[in-house]
Amino acid sequence: MRMVIFIFKLILLVTFLVDRSVGGITSILDDPLKAIKDELDGLTFIDQRLAIVYPLIKNFKNTITSDPLNITGSWVGSDICSYKGFYCDNPPNNLTATTLASIDFNGFQLTAPSLDGFLDQLPDLALFHANSNFFSGTISPNIAKLPYLYEFDISNNLFSGPFPNSILAMTSLSFLDIRFNHFSGSIPPQLFTKDLDILFINNNNFIQKLAEILGNSHIFYLTLANNKFFGPIPHSIAKYLSGTSEVLLLNNMLSGCLPYELGLLKETVVFDAGNNLLTGPIPYSIGCLKKAEVVNFAGNMLYGVVPEVVCAMGNLANLSLSDNYFIHVGPICRGLIKKGVLDVSKNCIPGLPEQRSVVECAAFFAKPRYCSYMHTYHYLPCWLPGFSDSLTEPAPAPF
Ligand SMILES: *[C@@H]1O[C@H](CO)[C@@H](O)[C@H](O)[C@H]1NC(C)=O
Ligand SMILES: *[C@@H]1O[C@H](CO)[C@@H](O)[C@H](O)[C@H]1NC(C)=O
Ligand SMILES: *[C@@H]1O[C@H](CO)[C@@H](O)[C@H](O)[C@H]1NC(C)=O
């Protein structure tokens with residue numbers, strides 16, 4: 001028995017020694033620092049600007065903890081311009097040079113704890129799109145030093161913390177998409193005075209009074225949806241959003257009555273304020289949204305008569321007023337219901353199907369309800385044949 005144990009121990013010892021020596025040899029061959037140095041020295045780049053970004057990409061690649069689509073498998077060698085997601089172009093300050101000009105990681109499903117030390121160090125980058133990855137952390141202040149970056153999309157990632165104020169200092173930025181992350185706190189009002197064409201900040205945890213964030217801007221799309229914005233839609237909205245084609249305020253906590261000035265959003269194609277706490281009647285002025293195709297106020301506490309002039313808007317494809325407390329629709333609106341354009345289910349309209357119970361409606365109207373500026377609710381700030389002569393008073397100057 002002793003003999004058997006002895007032989008067994010001997011075998012273990014020999015195995016151990018052999019393992020060690022093999023391990024020793026491999027670890028010399030695989031010295032990571034030496035390998036990287038060799039590779040850098042061995043490679044020639046078509047432009048010095050690419051040699052500069054090469055180690056940055058390599059370091060970033062080492063921080064990636066998950067790459068289910070094997071994207072980084074193509075990130076080898078000196079031809080950076082052919083790496084998946086990397087695109088080269090001539091930089092604005094030297095049209096004969098070749099540089100890393102744009103990155104498109106959309107849908108790559110990469111996981112990395114941070115973009116710092118990578119994104120913020122790419123001097124000639126003009127576009128960064130990284131929709132639908134698992135990048136996290138915060139955004140480095142150094143991003144403001146990238147002189148050409150004008151499209152910045154980190155939507156649908158895991159970024160958190162307060163709004164990255166460094167974004168305010170970016171001089172070329174025109175497209176900002178930080179949707180579907182975990183940013184929280186408030187948004188600096190200066191964001192809305194930047195000359196952005198596109199601003200998507202929906203589906204974060206921003207909590208703020210809406211009136212505090214609207215600035216003097218020329219934003220084309222404004223999507224604040226699915227946050228915790230609160231307070232009334234300010235009278236100043238027309239001043240700030242007169243050129244905006246999509247105004248998405250849905251799923252917030254906006255309250256108060258609708259301002260007459262909504263009718264001055266003459267470029268708006270989609271206006272969506274669904275699922276908030278808005279109340280009061282619909283201003284007739286909404287009928288002046290000449291380009292409106294989709295108007296959604298579903299899931300609020302609006303009441304009164306649905307104005308015929310609103311149902312008469314020429315381009316309407318979807319007017320959703322369900323889940324409110326409207327009490328009457330006229331013939332033009334009834335026409336829209338038939339066509340499937342207007343949805344007034346879950347209201348208090350006698351004779352229509354799928355309405356709230358009498359008890360529910362009575363409970364709502366038992367409380368006194370009023371809006372200030374009531375006299376503005378019948379103003380039509382535009383000429384509409386068939387309406388303007390009978391209904392309007394001259395529209396006041398916007399606030
Ligand atoms: C990843 O991609 C590289 C280059 O395209 C390829 O050589 C490698 O075999 C791939 N790895 C896996 C695990 O698919
Ligand atoms: C422009 O880039 C080319 C290629 O990298 C380089 O040879 C040249 O010196 C650069 N010109 C200037 C003015 O920097
Ligand atoms: C109309 O808009 C509402 C609210 O956005 C939406 O739920 C509904 O599906 C739309 N209806 C049609 C027919 O597109």
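## A walk through the strands, the core and the ligands

Let's start with two neighbours: strand β13 (residues 228–231) and strand β15 (residues 253–257) run parallel and are joined by two bridges. Here strands are DSSP runs of E with at least two residues, while helices are runs of H or I with at least four, both numbered from the N terminus. Two strands count as paired if DSSP finds at least two bridges between them. Within this pair, Phe230 stands opposite Met253 of β15.

This is a predicted model, in which local features need pLDDT of at least 70 and side-chain atom pairs count only at pLDDT 80 or more, whereas totals for chains, interfaces and linings use all residues. Residues are numbered from 1 along each chain as its sequence is written, and chains are lettered from A and ligands numbered from 1 in the order in which they are written.

Now step back to the sheet. β13 and β15 belong to an open sheet of ten strands with parallel pairing, in the order β3-β5-β7-β9-β11-β13-β15-β17-β19-β21. At the edges stand β3 (111–112) and β21 (325–329), each with a single partner strand, so one side of each has no neighbour in the sheet. Altogether, the protein has 22 strands and nine helices.

Other strands pair too. Strand β1 (residues 86–89) is antiparallel to strand β2 (residues 99–104), over four bridges, and Tyr87 stands opposite Ser102 in β2. β2 also pairs with strand β4 (residues 127–129), this time in the parallel sense over three bridges; there, Ile103 has Phe128 as its bridge partner.

What about the interior? Of the protein's 399 residues, 36% count as buried, meaning that 20 or more other C-beta atoms, placed from the backbone, lie within 10 Å of a residue's own. The largest nonpolar core has 96 residues, and Leu100, Leu125 and Val306 have the most contacts inside it. Domain 1 (45–205) and domain 2 (213–390) both contribute residues, so this core lies between them; the domain bounds come from an automatic or database assignment. A nonpolar core is a set of buried Ala, Val, Leu, Ile, Met, Phe, Trp, Tyr and Cys residues joined through C-beta atoms within 7 Å.

Finally, look at the ligands, taking residues whose C-beta atom, placed from the backbone, lies within 6 Å. Around ligand 2 are Asp47, Gln48, Asn94, Thr96 and Ala97, while Gly274, Asn296, Ala298, Asn318 and Ser320 surround ligand 3.

Note on methods
A residue is buried if 20 or more other C-beta atoms lie within 10 Å of its own, exposed if 12 or fewer, and partly exposed in between; C-beta atoms are placed from the backbone.
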